[in-house]
Amino acid sequence: MFDAQRPGDTVDQKETKISARNVQVYYGDTHAIKDVNVDIESKSVTAFIGPSGCGKSTFLRCINRMNDTIDICRVQGDILLDGEDIYDKKVDPVQLRAKVGMVFQKPNPFPKSIYDNVAYGPRIHGLARSRADLDVIVEKSLRRGAIWDEVKDRLHAPGTGLSGGQQQRLCIARAVATEPEVLLMDEPCSALDPIATAQVEELIDELRNQYSVVIVTHSMQQAARVSQKTAFFHLGNLVEYGDTSQIFTNPKDERTESYITGRIG
Amino acid sequence: MSDATTPKGELQSSIHHMSARTKRRNAAERRFRAYGIAAIAIGLLMLVTLVYAILSKGAGAFSQSFVTMQVELQEAKLDKKGNRNIEEIKKVTTFGYAPLIKDAFEKVVGDRGIETDLKSKEMAALLSKSAASQLREYVIANPEKIGETIEFRFLANSRIDGYLKGRVTRESIANDKNVNAEQLDFADQLINAGILEKTFNIDFIIGADASDQRPEAAGIGVAMMGSLFMMLTVLALSLPIGVAASIYLEEFAPKNWITDVIEVNISNLAAVPSIVFGILGLAVFINYMHLPQSAPLVGGLVLTLMTLPTIIISTRASLKAVPPSIRDAALGVGASRMQSVFHHVLPLAAPGILTGTIIGLAQALGETAPLLLIGMIGFIASNMPQTIGEGLLSPNSAMPAQIYEWAKRADPAFYERAWGGIIILLIFLVSMNTLAVILRRRFERRW
Amino acid sequence: MPVFWLVLILLALAVAGYFIGRIRAVNSVGGDSRVLHSLPVYYGASAAISVLVPAMGLLAIWLLAQPILVERSVSGMIPSSLIPDGANLNLVMADVRRVAEGLNVAVQQGAISNEQARTLRAETSDIRAVLGQVGVALGQEVRPEVLRAAQSYRNLSASGALAMTVTVLALAMVGLGVSIRISHGQFRARNVVERVILLLLMAAASLAILTTIGIVFSMLFESINFFRLHSVSDFFFGATWAPNFRGDSDLSILPLLWGTLYISFIALLVAVPIGLFAAIFLSEYAGPKTRAIAKPLLEILAGIPTIVYGLFALLTVGPLLVSLFGQSGTLGVNWMSGATSVLTAGAVMGIMLVPFVSSLSDDIINAVPQSIRDGSLGLGATPSETIRNVVIPAALPGIVGAILLAASRAIGETMIVVMGAGAIAKFSLSPFDSMTTITTRIVSQLTGDGDFSSPETLVAFALGLTLFVLTLGLNVLALVIVRKYREQYE
């Protein structure tokens, strides 16, 4: 099953899901992202790595326009999703975010039941016609989030009562419940212990069968473990982008090499 | 709308095409936002309405209509024997002065060629009932002036004053026994002659309250002194007690159930209705301790108890804001805990404490309900206190109680005074709060 | 003012003690203050404290206790035949006090000698006339028993005051003596002074408890007096409020409670939606500039004294409502007969509570973590969906607490209802009717000329106690809910 999508596959086997052209992001007077161009493939995992404050999370948040919620943030350039500009005036960020889901650094379940957490997205987007529909969607999503077996007996217990790793998998289940095409993950494992991290990483590997996953991570090992493509950001610039294996074994840029070998970061 | 087996439904379409559902949801979003704006707008509109009502209705209290005319202090009426014996002059009551005013009006009508059918008595009715006693006081103070003709400035009756201010019109007096249309015509003629005019009235700000019959003479000055003495009491008691209590709770109190009880108690006292403090004051200070009724001292005591929780809460917040490193530094050079608090923490927290105290005082200044129960209404606060002891112990009113007293009286002329009183009260409150804000801005320290 | 002089003497002694203590301590080490255990100032302060604190404490206790003891001993002299029906001992005791005070005034002004004041007999002289001369008016002839009781009251008070002066001064002298003896170099003066300061700080902190106890007991005692004269069941479950100063009144709280709750309900109906939406807008939508302007402006409404709102209700809102709903009003419905009504008071009180609700809710909404909002927005929810489905449910306990606090404010509010609600106690559903509340009745029953022995006056204390319990319950409930809520996100 993994044969066709082994790390190291060449680009032309995949279609491009997201392509960014000359993206600039400003926070007030600060130039946070400088002229980024990148093509993200569909149905694969792309990792953004780089030292703190390099702009990788900022760029991730541009992809589903979460930066809109910050008043002083301005975005220039084009980001195309399936060839359509997501910063076009006609685009409603609400509709965009249903297609481009997001999982955050800290597990953030709503203070509601596990069921309501997962059903929230389908409810607001009107994806279920009946209660039975919704039950089906919730179960399917929880299974995809690899947490169904742990919570199937207590779907109406509060989501905040789960352990950290379970909460994060619940948040992933919540994100996939709206049937997104892209899943953005902002350091999804940084608040988790090693065992929970392993479970989530395994889950990410499974998710790329159906979704295009973009993950921001601090951990180079994690990037190497889960991703097929890696982008290295430094001081707001996209320094290098390529197959994960190439980036970690044979970086072209000096800065990438310095970072990977631990001289900067 | 969407098929259960392919629940992506309309979301699968292009993001450049806004789905019907998204349009509906965006409309709901706009509505929701509009509710929020409307709520803010209503709140601000209410504030504007309130301020407008206060200013438009209260501004009139600061001006008053006066009649200026020459009055001959006739010796035949005031000092028949002509020996200027002050005791005998005092025997002439205000009724004895009324003819002088009538004569003065007759003279004005004659001199200025004013045509009127009014009798002199009806003309004199244009003046306040205080006019005769004003004359009498002048004569008793200056008996040597008897026989001379002196220019006097008399308050006009509240109806005439209302006519000048637009409150009284020819239509509104149809059923009014106190004034008739001819008198208003006469008033018009007096205005043309420059005898009757409306000017700024300092007596409203510094004067004493007057009886039901003379709204035109009522002032808020004495009540202001009552408030002043109350605030002095509150300041003298609540600041030291409040600071002491806060220092104990914040710096020394062990974490045990007694401390918990005290803390819960303080937060609850802050929310007890103010009228309950009035009942406490009545029962303890007046019925039990037999302190004098209506005394600003008692009012001050009640307001102190009421203000203490506010001051304690804000003082504790400012003590808490002083970083522990300051205390450690003092302890580290061998100061005792008491010394570290009084030498270092307290001075650093002082601006915050002061700000909290001013805000607490402002709250106490506007408080009315407890004052009603300890008797600071229902009488005419007419005497300016001469000494501090008198100021604290002799019966007085307070600004908010005086305003309530005026609002209760039947004559609408008093309403104008009540609004005017509110303007003065609010000026005090605004200045106190501004002072607090300035203090906070000036001395606020970020650690 | 003998107490005033006594205090002055104590202060003088304390100052003397300060210097003596300080000088003695310094001398005891040969003038080298570095050898002392504490700074010289502490030796002085400890001497001043040992003069002042015990003596002042005794003075305070004496001043509080003496009236009770004197009254108790004097009230034994009043035969029960003297107490008229329907009144109680307090009324007669008030007479006794008034006569005693009158005698004092008369002696002060020199109308009678002290000896005469002691030996006057009601049978032989006209006390009323004597006291009338010095400006003390009495309502009725002085009965012999009352006069004797009053004389005894004077005697006991005078001898009590003398004994107090002597004891307090003696205690102060003892304190001075002791402090002088112990002021030498080895004495740990700072520790003693700091201990006393700590005790004073504790005393200040416990004043809060004392106030609460004072509130509860002052109302409890008078309420018990009231329930001796009036049936408990009528007070709590009767249907009519009709005080009658000739006695035999119907005094039940239910109609007042109805008015109170109805007006509070209208107030919350105005304040909660406006306050809540304002808070939501300010915390979720408004930019920092709008927030910096709108929030303090709204909070001005909370700083305006209630008397202003009362006047606004009576003179502006009331007439406005009458011009809409009254006879020959714009709407021509003739629902409203006077300016005072439930709606008048409720609407104005609602305005007052808007900033109260909005700033409490604002704090609470801001305490909801941003990560939860991001989670919802990241799923494609609109901001309003996020607020309605995630933020508000998360903040709900805190908002309920805020509303309870606002309700407690509304129930205890006095001036707005005194001026805007009216004086008629009844059960009516129409918001255009004039109705009355618990606080209004407390004011009217206690500001009349009633004496403190009739049920018509005492009922105010029972009303006050009910009000206190009611608001206290709401406050405690609200505080518990809010505290739980805050812990959830800390």
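Contact here means heavy atoms within 4.5 Å. With that in mind, let us look at some close-ups of this predicted model.

**View 1. Chain C meets chain B.** In this view, 76 residues of chain C are in contact with 73 residues of chain B. The size of an interface is often given as the accessible area lost when the parts come together. For chain C and chain B, that buried area is about 6,400 Å², with 80% of it on carbon and sulfur atoms. The rule also finds 10 residue pairs in polar contact across this interface, both partners being at pLDDT 80 or more. On the side of chain C that touches chain B, helix α7 (residues 189-229) of chain C gives the most, with 17 residues.

**View 2. A salt bridge between chain C and chain B.** How many salt bridges are counted between chain C and chain B? The count is one. To find a salt bridge here, look for E385(C) and R25(B), whose closest N and O atoms are 2.8 Å apart.

**View 3. The two domains of chain B.** Seven residues from domain 1 of chain B and four residues from domain 2 of chain B take part in the contact. Between them, these domains bury about 380 Å², 30% of it on carbon and sulfur atoms.

**View 4. Side chains where the domains of chain B touch.** Across this interface between domain 1 and domain 2 of chain B, the rule finds two salt bridges. Helix α7 (residues 158-165) of chain B supplies the largest share of the domain 1 side that touches domain 2, namely four residues. Look too for E416(B) and R167(B), whose side chains meet in a salt bridge at 3.1 Å, N to O.

**View 5. An open sheet in chain A.** Strands of a sheet pair through backbone hydrogen bonds, either parallel or antiparallel. Which order do the four strands of this open sheet in chain A follow? The order is β2-β1-β4-β5, with antiparallel pairing. At the edges are β2 (30-41) and β5 (84-85) of chain A, each pairing on one side only. Strand β4 (residues 73-81) of chain A pairs with β5(A) over two bridges, and L80(A) stands opposite D85(A) in β5(A).

**View 6. A helix across the strands of chain A.** Helix α1 (residues 56-63) of chain A lies across β1 (16-27), β2 and β4 of chain A. Relative to β1(A), helix α1 of chain A runs at about 120 degrees.

Definitions and conventions: Residues are numbered from 1 along each chain as its sequence is written. Chains are lettered from A and ligands numbered from 1 in the order in which they are written. This is a predicted model: local features need pLDDT of at least 70, side-chain atom pairs count only at pLDDT 80 or more; totals for chains, interfaces and linings use all residues. Side-chain values use heavy atoms; hydrogens and water are left out. Two strands pair if DSSP finds at least two bridges between them. Axes are lines fitted to C-alpha atoms, for helices over the stretch in contact, and angles run from 0 to 180 degrees between N-to-C directions. Buried area is the accessible area (1.4 Å probe) that two parts lose on being put together, summed over both. A salt bridge is a side-chain nitrogen of Lys or Arg within 4 Å of a carboxyl oxygen of Asp or Glu. A polar contact is a pair of N or O atoms within 3.5 Å; within protein, one must be able to donate a hydrogen and the other to accept it, and residues adjacent in sequence count only if both atoms are side-chain atoms.
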